[in-house]
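Trainee: I would like to learn how to read a structure, feature by feature. Where do we begin?

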Amino acid sequence: MKYREQALAVQAEGCEMLSIVSLPAKDESLRPCAVLIVTGGAQYRTGSHRQFTRMARELATAGYPAMRFDMPGMGDSTGEPIPYEKSAAHISASVDILVRTTNVEKICLWGLCDGASASLLYMHATHDKRISGIVLL
């Protein structure tokens with residue numbers, strides 16, 4: 001196994017979102033950019049056919065830390081489901097903990113479906129300088 005994983009609880013707007021950070025193995029070097037996977041619709045952190053899990057582990061194996069998380073009311077997170085238009089605080093809290101956990105300064109948002117829209121709305125609302133790229137699917 002060329003990666004390791006850590007479960008984290010991310011707090012945002014009174015909800016606790018379960019997150020999994022995939023990191024390179026301890027003896028592997030860490031790249032300066034991490035990937036935050038923003039799910040869409042009624043998806044949770046594993047993804048259809050485990051796509052988010054597999055992608056995060058492949059990214060970590062290549063040296064890129066990756067984090068996937070359950071939005072409120074989905075998977076193992078508390079709270080009521082929220083529409084993607086109201087997810088900026090949750091994305092921000094996830095970026096914060098990903099930066100603190102990995103010590104990287106740049107984050108790439110990777111969004112699928114509503115997660116892509118949420119990523120764009122997040123950038124429009126915050127102009128977060130830590131975001132160095134966005135992948136929209």
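**Pocket, helices and a salt bridge**

Mentor: We begin with the pocket. The model is predicted, and its largest pocket holds about 170 Å³ of space.

Trainee: Which residues lie nearest the centre of the largest pocket?

Mentor: Gly41, Met71, Ile82, Pro83 and Tyr84 do, out of 15 residues that line the largest pocket. Sorted by class, that lining has 9 nonpolar, 5 polar and 1 charged residues.

Trainee: How do I read a pair of helices?

Mentor: Two packed helices are described by the angle between their axes and the distance between the axes. Here, helix H2 (residues 88–102) and helix H3 (residues 114–126) have axes that cross at roughly 85° and come within 9 Å. Angles of 65 to 115 degrees count as roughly perpendicular, so H2 and H3 are roughly perpendicular to each other.

Trainee: Which residues of H2 and H3 meet?

Mentor: From H2 come Ala88, Ile91, Ser92 and Val95, and they meet Ala118, Ser119 and Tyr122 of H3. This contact has 5 nonpolar, 2 polar and no charged residues.

Trainee: How many salt bridges does a search of the whole structure find?

Mentor: Side chains of opposite charge can pair when their charged atoms come close. The search finds 6 salt bridges. One of them joins the side chains of arginine 57 and glutamate 5, at 2.9 Å from N to O. Arginine 57 is in helix H1 (residues 51–61) and glutamate 5 in strand E1 (residues 3–12), so the pair, 52 residues apart, links distant parts of the chain.

Methods
Residues numbered from 1 in each chain as written. Predicted model: local features only at pLDDT ≥ 70, side-chain atom pairs only at ≥ 80, totals over all residues. Heavy atoms only, no water. Axes fitted to C-alpha atoms, helices over the stretch in contact; angles between N-to-C directions. Helix = DSSP H or I, 4+ residues; strand = E, 2+ residues; numbered from the N terminus. Parallel < 35°, antiparallel > 145°, perpendicular 65-115°, else oblique. Contact = heavy atoms within 4.5 Å. Nonpolar A, V, L, I, M, F, W, Y, C, P; charged D, E, K, R; others polar. 1 Å grid on protein atoms, 1.4 Å probe; cavity = no way out; pocket = protein on both sides within 12 Å on 5 of 7 lines; lining within 4 Å. Points joined across faces, edges and corners; volume = space filled by probe spheres on them. Salt bridge = Lys/Arg side-chain N within 4 Å of Asp/Glu carboxyl O.
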